Amino acid sequence: MADSAAPLVGVIMGSDSDYAVMADAVQALREFGIAHEVEVVSAHRTPDKMVDYARGAAARGIRVIVAGAGGAAHLPGMVASMTTLPVIGVPVPLAKLDGLDSLLSIVQMPGGIPVATVSIGGARNAGILAARIIGASDPELAQRLADYAAGLTEMVEQKNAALQARIAAE
């Protein structure tokens, strides 16, 4: 768990090795001050834990689940099938197929069982999307997200100005 506050976001992954990617979601949640928990929950190796986690998350106060998975990548979809909470899938790239297999597995959900899916290795965006979902009903968080977006705009303007200066000097 991130801090003593009750977690609002569950960040889960099929293996501890997935944390190399999923740490970016955790960092984004920390930046926005969102209480969260991190767990290894394997769809294949710990199916009972996965079922308990998915079915009990809402009752424990979780509002969004970010689920990272590589290879067969069943975790996000299986969790989504057992909860009404929004689930954000993060395709974790593995040595083979560079995560394309994971991406295709996560986005090919059957009708009625949605999983929001970010880019391969896009855990930071998953954390930001979780913040936006929670921010839809939290004005203070919504303001922090707006400030973050303004910072991105400023960063792009600075990069554009530097590029323009570099081109002018050529």
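How are H5 and H6 oriented to each other? I started my notebook with that one, and here is what I looked up.

**Ground rules.** I am reading a predicted model, where local features need pLDDT of at least 70 and side-chain atom pairs count only at pLDDT 80 or more, while totals for chains, interfaces and linings use all residues. Residues are numbered from 1 along each chain as its sequence is written, and side-chain values use heavy atoms, leaving out hydrogens and water.

**Overall layout.** I found six helices and five strands in the chain; these are DSSP runs numbered from the N terminus (helices are H or I with at least four residues, strands are E with at least two). Along the sequence I read the pattern β-α-β-α-β-α-β-α-β-α-α. The C-alpha trace spans about 60 × 40 × 30 Å along its principal axes.

**H5 with H6.** I looked at H5 (residues 123-135) and H6 (residues 139-168), whose axes come within 8 Å and cross at roughly 140°. Axes are lines fitted to C-alpha atoms, for helices over the stretch in contact, and angles run from 0 to 180 degrees between N-to-C directions. H5 and H6 are therefore oblique to each other (under 35 degrees is roughly parallel, over 145 roughly antiparallel, 65 to 115 roughly perpendicular, and the rest oblique). In H5, Ile-128 and Ala-131 are among the residues that meet H6, where the partners include Leu-141 and Tyr-148; contact means heavy atoms within 4.5 Å. By class, I noted seven nonpolar, one polar and two charged residues in the contact of H5 with H6. Ala, Val, Leu, Ile, Met, Phe, Trp, Tyr, Cys and Pro count as nonpolar, Asp, Glu, Lys and Arg as charged, and the others, Gly among them, as polar.

**H1 with H5.** Next I checked H1 (residues 19-31), which packs with H5 at an angle of about 35°, with the axes 7 Å apart. Val-21, Met-22 and Leu-29 are among the H1 residues in this contact, and Gly-127 is one of those in H5. I noted eight nonpolar, one polar and three charged residues in the contact of H1 with H5.
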